[in-house]
Amino acid sequence: MTYGPPPSPFTQSQRAAEERRQRRTRLWVSVIAVLVVVACAGGWLMWSGLPGGGKDDSAGASTTRKQASDEVRETVEDRPKDRSGHLAASLADDLKPGKTLNMPGTWATDKVLVKGMNSTLEGIRIGTDEEAWHYGLSGEICGTTRHVTVDGRTAVLFRNDKSKGLCNQLAFFDLDTGKKLWQVGIPTSKTTMGEDVPNVSMTQGVVAAAWSAGSAAYDMSDGKQLWERKRTTDCREGGYAGGRALVVRLDCTDRASGSYDPEYRVQKRDPRTGKTLWTYKVSSGIDLVYLVSAEPPVLAVTAGEDGLSDLISLDAKGEYRSTIRLEGDHYDIDCSTTGVETAVDKCGQVVVGRKQAFITGGEQTEGINRRSNWIVSFDLATGKSLEKFDSGADQMVYPIRMSGDQLLAFKESTDNFAPASVVSLNPATGKETPYYYFNVPPEAKFMDPKTDDIVFEKGRVFFASRELQAEGRRGKPVRTWGAIGIESVAAARPSK
């Protein structure tokens with residue numbers, strides 16, 4: 001285990017951060033002006049007959065057991081008292097036309113919005129556009145996990161410029177302070193198949209990483225290695241999914257039979273010992289397997305050239321439970337491998353609860369620039385559909401995450417005169433309850449869940465781009481938005 005020194009106060013990334021701080025004031029003022037106007041409209045619309053207006057369906061009132069500080073958080077949200085959305089945070093940069101800025105990773109706590117940008121992590125203080133902290137890494141960020149502990153920590157993979165730019169550094173950060181808590185090196189290398197890009201996940205006080213030659217787990221408290229697994233002749237560890245449990249995908253070939261077609265196995269492992277608790281062998285003929293959820297265990301599989309074909313639900317012992325058919329274009333789940341992220345456990349537009357899976361329906365066109373869709377809940381025990389939540393006319397609805405036994409969802413308006421919203425969907429009653437309404441200027445073009453991050457935490461929704469690119473080919477730098485956060489006007493401000 002190695003501990004890197006704090007970044008020099010004169011690094012290029014810090015100079016760039018200082019420049020960003022100097023040019024943000026005008027942006028913040030202009031965004032507030034736009035949001036205040038729309039917030040007032042949202043308040044009027046709420047009492048003018050939009051679904052759920054003025055009615056409390058106890059959304060977010062579900063309770064869960066008290067979590068330990070080193071568990072992956074499962075925040076249960078309370079419905080905001082005010083239905084008008086206001087600016088909570090923003091991040092923008094002036095980019096030269098044609099320049100691209102990679103922005104992997106988006107996290108939020110009650111104090112900060114944190115964004116990865118090339119080789120830098122930057123924290124924006126909630127309630128401002130001001131930088132709370134930033135940390136310059138030794139190379140570009142090459143892997144992240146969406147998981148965050150109850151006390152606000154997460155893991156990041158990044159390159160080491162001193163080792164030919166390999167993605168071989170794993171660090172653990174406190175998101176509130178920007179402090180690097182520990183850093184370790186992992187033995188990645190160049191392979192005959194190309195670059196070895198590992199994946200990282202977290203569960204129950206443990207950070208786990210997998211690469212082409214094996215995997216290892218580290219104690220969150222100090223980075224001490226708990227165990228390591230080596231690649232076998234026939235199987236490599238394709239990557240981990242975390243959260244409530246630790247599940248790994250094994251990518252295998254049966255060379256003894258002379259076949260090199262992929263065979264997949266899924267294993268649940270004890271986070272602290274690495275002991276295999278159960279193994280599920282995926283049926284032959286499957287081209288690729290994604291780990292949608294570790295607990296309850298849910299897999300997404302592709303067969304043939306038509307993309308994802310099914311979700312497979314397993315029980316607590318790793319035995320087959322049910323299949324959810326995706327039926328071609330009727331449902332829209334995104335498990336793409338674009339960007340620097342390994343997609344073993346990064347499927348979008350699907351959220352798994354304790355008893356149900358919520359899947360985004362296919363897009364329906366209703367005229368020029370007017371679209372709609374739906375979300376359908378499925379019983380994990382039977383694979384049967386239960387409730388259908390329609391987006392409504394001129395809207396698109398996307399699942400964000402569970403909040404207790406409720407589903408939080410984002411409703412994007414396809415009507416330029418209507419606000420967007422965050423709602424809670426109740427799978428037990430089929431009812432929709434609005435949280436708040438809002439809108440943002442058209443320059444903030446990062447609300448597509450296929451290409452952007454959507455995070456909801458502590459009553460605030462954050463939208464962030466995974467990649468920034470300034471329009472045009474030449475000319476002066478262009479103000480380009482990277483992230484924005486919305487909160488209820490009644491949201492309490494965190495202490496600085």
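Predicted model: local features only at pLDDT ≥ 70, side-chain atom pairs only at ≥ 80, totals over all residues.
Two strands count as paired if DSSP finds at least two bridges between them, and a strand here is a DSSP run of E at least two residues long, numbered from the N terminus. Residues are numbered from 1 along each chain as its sequence is written, and side-chain values use heavy atoms, with hydrogens and water left out.

**The sheet**

- Strand S15 (residues 214-219) and S16 run antiparallel, joined by five bridges.
- One of the residue pairings here is Ala 216 with Glu 228 in S16, its bridge partner.
- Zoom out and you get an open sheet of four strands, ordered S13-S14-S15-S16, with antiparallel pairing.
- Strand S13 (199-203) and strand S16 (225-230) sit at the edges, each pairing on one side only.
- From one strand to the next, the twist averages 15 degrees, using axes that are lines fitted to C-alpha atoms and angles from 0 to 180 degrees between N-to-C directions.

**The cavity**

- Searching the whole structure turns up one cavity of 30 Å³ or more; a cavity is a set of points on a 1 Å grid over the protein atoms alone where a 1.4 Å probe fits but cannot get out.
- The largest cavity holds about 30 Å³ of space, a volume being the space filled by probe spheres set on the points, which are joined across faces, edges and corners.
- Its lining residues (an atom within 4 Å of a point) include Leu 91, Ala 92, Asp 93 and Met 117.
- Strand S1 (residues 85-95) gives the largest share of that lining, three residues.
- By type, the lining of the largest cavity has six nonpolar residues, one polar and one charged, where Ala, Val, Leu, Ile, Met, Phe, Trp, Tyr, Cys and Pro count as nonpolar, Asp, Glu, Lys and Arg as charged, and the others, Gly among them, as polar.

Definitions and conventions. 1 Å grid on protein atoms, 1.4 Å probe; cavity = no way out; pocket = protein on both sides within 12 Å on 5 of 7 lines; lining within 4 Å.
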